[in-house]
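Please open the structure in your viewer and keep the sequence beside it.

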Amino acid sequence: MVSNAMPQRNNEGFLEDAQAWTEGVATAIAAQDDVDLTEKHWEIIKFLRSFYEEHEMSPPSNRLFVKAVKEALGEDKGNSIYLMQLFPGTPAKTACRIAGLPRPTNCL
């Protein structure tokens, strides 16, 4: 039996276990943040999941998040304005929460 229950999350809404993440979980978390996921969002989410697999951590700050996106996906996507339009508030924090990753260590 497949459960559609939301995996356990901490008090800020981050998954306790990044392995419990699915695209359905991402969609549900995004909806709670009033974010309607598009292909542009999924590109960043998939990038973050790959980054996490490679480095075993989320990008530690918004600045480093923007820099990592810029290096991987180009200057048009690796800029603060583009990322804030996709992930309101603090883009690294919002995107990592939707991607099922731990909270970035230096994000307020």
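How many helices and how many strands does the secondary structure of the protein come to? There are five helices and zero strands, where helices (H or I, at least four residues) and strands (E, at least two) are DSSP runs numbered from the N terminus. Read along the sequence, the pattern is α-α-α-α-α.

This is a predicted model, in which local features need pLDDT of at least 70 and side-chain atom pairs count only at pLDDT 80 or more, while totals for chains, interfaces and linings use all residues. Residues are numbered from 1 along each chain as its sequence is written, and side-chain values use heavy atoms, with hydrogens and water left out.

**The whole chain**

Begin with the C-alpha trace, which spans about 45 × 25 × 25 Å along its principal axes. The radius of gyration of the protein is 13 Å, which agrees with the value near 13 Å for a compact globule of 108 residues. This radius is taken over C-alpha atoms, and the globule rule is 2.2 Å times the number of residues to the power 0.38.

Next, colour the residues by accessibility. Of the 108 residues, 44% count as buried; buried means under 20% relative accessible area, exposed over 50%, and partly exposed in between (1.4 Å probe, protein chains only).

**The nonpolar core**

Select Leu37, Ile44, Ile45, Leu48, Phe65 and Ile98. Of the 30 residues in the largest nonpolar core, these six touch the most other members. Such a core is a set of buried Ala, Val, Leu, Ile, Met, Phe, Trp, Tyr and Cys residues joined through side-chain atoms within 4.5 Å. Helices α1 (23-32) and α2 (39-55), α3 (62-73), and α4 (80-86) and α5 (91-98) can now be displayed together. In soluble globular proteins, nonpolar side chains tend to be buried together.

Now centre the view on Ile45. Leaving aside residues up to four places away in sequence, Ile45 touches Trp21, Leu37, Phe87, Ile98 and Ala99; a contact means heavy atoms within 4.5 Å.

**Helix α5**

Select α5 next. Which of its residues are buried? They are Pro91, Ala92, Lys93, Thr94, Ala95, Cys96, Arg97 and Ile98, so that eight of the eight residues of α5 are buried. What covers them includes α1, α2, α3 and α4.

Within α5, pick Thr94. Thr94 is buried, with a relative accessible area of 6%. Not counting residues up to four places away in sequence, Thr94 touches Asp33, Phe87 and Pro88. Just after α5, select Gly100, which takes a positive phi of about 75°.

**Two loop residues**

Most residues other than glycine have a negative phi. Go to the loop between α1 and α2 and select Asp34. Asp34 is not a glycine, yet has a positive phi of about 60°; Asp34 is also exposed, with a relative accessible area of 73%.

Then move to the loop between α2 and α3, where Glu56 lies. Glu56 has a positive phi near 55°. Is Glu56 buried or exposed? Glu56 is exposed, with a relative accessible area of 67%.
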